[in-house]
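Okay, hi everyone, thanks for coming.

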Amino acid sequence: MSLLLGLVSPVCTSAAECAGQGLDTFVGTPERIWAGVAALVAVGSTIIGWLALRDAGRWKAIAALTLGIVGGLNGAVKLAIADGGLGTGNGVFGAAMALALGLLGALLGRLALTRVRRAEMSR
């Protein structure tokens with residue numbers, strides 16, 4: 001969402017800058033946007049991983065594993081370079097959620113992939 005919004009309108013980094021540009025909504029700092037996108041990727045990996053575990057789908061398991069790693073790594077990098085705590089606009093909460101959910105999604109994807117391989121070997 002934020003990437004599309006950035007293409008349509010200028011991204012402002014503070015509420016005062018948004019008011020100066022005539023925009024009435026503050027999207028967030030680039031750090032928060034990065035953490036938010038990483039968290040959305042991680043949530044997607046968790047959902048796909050759960051579906052892969054339930055349905056024993058090989059491609060879903062691979063997608064969950066890949067998205068979980070991407071979301072989790074982005075969350076870890078964002079946490080490592082954040083220079084402030086919660087509420088500073090550095091995306092710390094979103095990055096922490098991305099790290100946790102990315103690890104969960106990768107774990108679910110790996111479990112589903114193991115289950116698929118065992119089912120293929122028993123045939």
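So, at what angle do α3 and α4 cross, and how close do their axes come? Before I answer, a bit of housekeeping. This is a predicted model, so local features need pLDDT of at least 70 and side-chain atom pairs count only at pLDDT 80 or more, while totals for chains, interfaces and linings use all residues. Residues are numbered from 1 along each chain as its sequence is written, and side-chain values use heavy atoms, with hydrogens and water left out.

Back to the question. The axes of α3 and α4 cross at roughly 155 degrees and come within 8 Å. That makes α3 roughly antiparallel to α4. An axis here is a line fitted to C-alpha atoms, for helices over the stretch in contact, and the angle runs from 0 to 180 degrees between N-to-C directions. On that scale, under 35 degrees counts as roughly parallel, over 145 as roughly antiparallel, 65 to 115 as roughly perpendicular, and the rest as oblique. In the contact of α3 with α4 there are 14 nonpolar, 6 polar and 4 charged residues. For those classes, Ala, Val, Leu, Ile, Met, Phe, Trp, Tyr, Cys and Pro are nonpolar, Asp, Glu, Lys and Arg are charged, and the others, Gly among them, are polar.

Now the next pair along. Helix α4 (residues 58-81) packs with helix α5 (residues 92-121) at an angle of about 155 degrees, their axes 6 Å apart. So α4 is roughly antiparallel to α5. This contact has 17 nonpolar, 7 polar and 5 charged residues.

Zooming out, the chain has 5 helices and 0 strands. Of the 123 residues, 33% count as buried. Buried means under 20% relative accessible area, exposed means over 50%, and partly exposed is in between, using a 1.4 Å probe and protein chains only.

Let's look at some residues in α3. Ser 45 is in helix α3, and at 0% relative accessibility it counts as buried. Leaving out residues up to four places away in sequence, Ser 45 touches Ala 64, Leu 67, Gly 68, Leu 101, Gly 102 and Gly 105; contact means heavy atoms within 4.5 Å. Thr 46 lies in α3 too, which covers residues 30-55, and Thr 46 counts as buried at 14%. With the sequence neighbours up to four places away left out again, Thr 46 touches Leu 101, Leu 104, Gly 105 and Leu 108.

And where do these side chains reach? The side chain of Ser 45 gets to the backbone oxygen of Ala 42 at 2.7 Å. A polar atom of the Thr 46 side chain lies 3.0 Å from the backbone oxygen of Ala 42.

Last stop: is Trp 59 buried or exposed? Trp 59 sits in α4 and counts as exposed, at 70% relative accessibility. Ala 112, in helix α5, is buried at 1%. Trp 59 and Ala 112 are 53 residues apart in sequence, and 9.9 Å apart in space, C-alpha to C-alpha. Aside from neighbours within four places in sequence, Ala 112 is in contact with Ala 52, Leu 53 and Ala 61. That's me done, thanks!

Technical notes. Helices (H or I, at least four residues) and strands (E, at least two) are DSSP runs, numbered from the N terminus. A polar contact is a pair of N or O atoms within 3.5 Å; within protein, one must be able to donate a hydrogen and the other to accept it, and residues adjacent in sequence count only if both atoms are side-chain atoms.
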